[in-house]
Amino acid sequence: PFFLSSFACKFSNNNNQQHKMGMSGVEANDECVAAFGKVKGRTATYVIYEIFYDGAQPKEIRPAKVGEVYENNEAGWNEVIAQLPADKGRYIIFDFRTQSEDGRLQEKVGFITWAPSNSNVRTRMIIASSQDALKAKLDASGIVVHQANDVDDMKYADMIKKFIR
C-alpha cells in the first residue's frame, strides 16, 4: 500500500541522515576528512577535533589542531595530552608508532574520545552521541576506539598496548 511505501521512504531517509550526523544532531564537516587524510598519509601525527556550538546548541565537529610529524612519537602524544581541556570533550586521531622487539616499525591509527570526568553530564552525553557522526564522516568504521575520562587513562605505554599490541 501507498502509506507503507511512504513510511519506508521516510524511515530510509532518516536512517541515511543518521549516518551524517550523530544522535545529538551534530555533523562532522568536510575539513575533518582532509585532516584525517593528513594522518593517514603520514604528513601529520594527530588531529584533535572539537564540537563547535551555535549559542548553547552543538552544531558541528571540526578539526581544532593538526599536529606535525614527530620523530619521537611519545613527544607528539605528550603534546596532545597538554592541549586537552579539563572540562570539555574532544576527539583525537593519533598515528601510534613503535618498534617491535625484533626492530620492525609498527603503526596503527587510533581514535580516542576524550570525555573528562570534570565536564558536565550534558557535555559528556554530546561527545558520546556525536562520535559516530565523526567516524562515519571519516569512513573509520574499523578503527579501534578508546574512551578516556582522565589523563591517567591516556598514558603513552598503555595506548601503545591498546592500539598496537
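User: What makes Asp95 and Arg97 a salt bridge?

Analyst: This is a predicted model, so the distance is a computed one. The closest N and O atoms of Asp95 and Arg97 are 3.8 Å apart. The cut-off is within 4 Å, between a side-chain nitrogen of Lys or Arg and a carboxyl oxygen of Asp or Glu, so the pair counts. Asp95 is buried, and so is Arg97. The pair also belongs to a network of salt bridges that links Arg42, Asp95, Arg97 and Glu107.

User: How many salt bridges does that rule give?

Analyst: Nine salt bridges. One of them joins Glu60 and Arg62, with the closest N and O atoms 2.8 Å apart. Arg62 has 28% relative accessibility; buried would need under 20% and exposed over 50%, so Arg62 is partly exposed.

User: How do you know that Glu50 and Arg90 are paired, and what does the pair tie together?

Analyst: Their closest N and O atoms are 3.5 Å apart, and the limit is 4 Å, so Glu50 and Arg90 form a salt bridge. Glu50 sits in strand E2 and Arg90 in strand E4 (residues 90-99), so the pair ties together parts that are 40 residues apart in sequence.

User: Are those two buried or exposed, and what makes you say so?

Analyst: Buried means under 20% relative accessible area. Glu50 has 19% relative accessibility, so Glu50 counts as buried. Arg90 has 11%, so Arg90 counts as buried too. For the whole protein, buried residues make up 42% of the 165 residues.

User: What makes Ser119 buried, and which backbone atom does its side chain meet?

Analyst: Ser119 has a relative accessible area of 5%, under the 20% cut-off, so Ser119 is buried. A polar atom of its side chain lies 2.6 Å from the backbone oxygen of Pro116. The limit for a polar contact is 3.5 Å, so the distance passes. Ser119 is in the loop between strand E5 (105-114) and helix H4 (121-138).

User: Which residues gather in the patch of negative charge, and why can Asp150 be in it?

Analyst: Asp150, Asp152, Asp153 and Asp158 gather there, on the surface. Patch members need over 30% relative accessible area and no salt bridge. Asp150 has 35% relative accessibility, so it clears the area cut-off and counts as partly exposed. Asp150 lies in the loop between strand E6 (145-148) and helix H5 (156-163).

User: Last one: how many helices and strands are there, and in what order?

Analyst: Five helices and six strands. From the N terminus on, they run α-β-α-β-β-α-β-β-α-β-α.

Notes. Residues numbered from 1 in each chain as written. Predicted model: local features only at pLDDT ≥ 70, side-chain atom pairs only at ≥ 80, totals over all residues. Heavy atoms only, no water. Patch = residues over 30% accessible without salt bridge, like charges linked within 9 Å, V, L, I, M, F, W, Y side chains within 5 Å. Areas by Shrake-Rupley, 256 points an atom, 1.4 Å probe, with all protein chains shown as cover. Lys, Arg positive; Asp, Glu negative; His and termini not counted. Charge placed at Lys NZ, Arg CZ, Asp CG, Glu CD. Helix = DSSP H or I, 4+ residues; strand = E, 2+ residues; numbered from the N terminus. Buried < 20%, exposed > 50% of the residue type's maximum accessible area, 1.4 Å probe, protein only. Polar contact = N/O pair within 3.5 Å; in protein donor to acceptor, adjacent residues only side chain to side chain.
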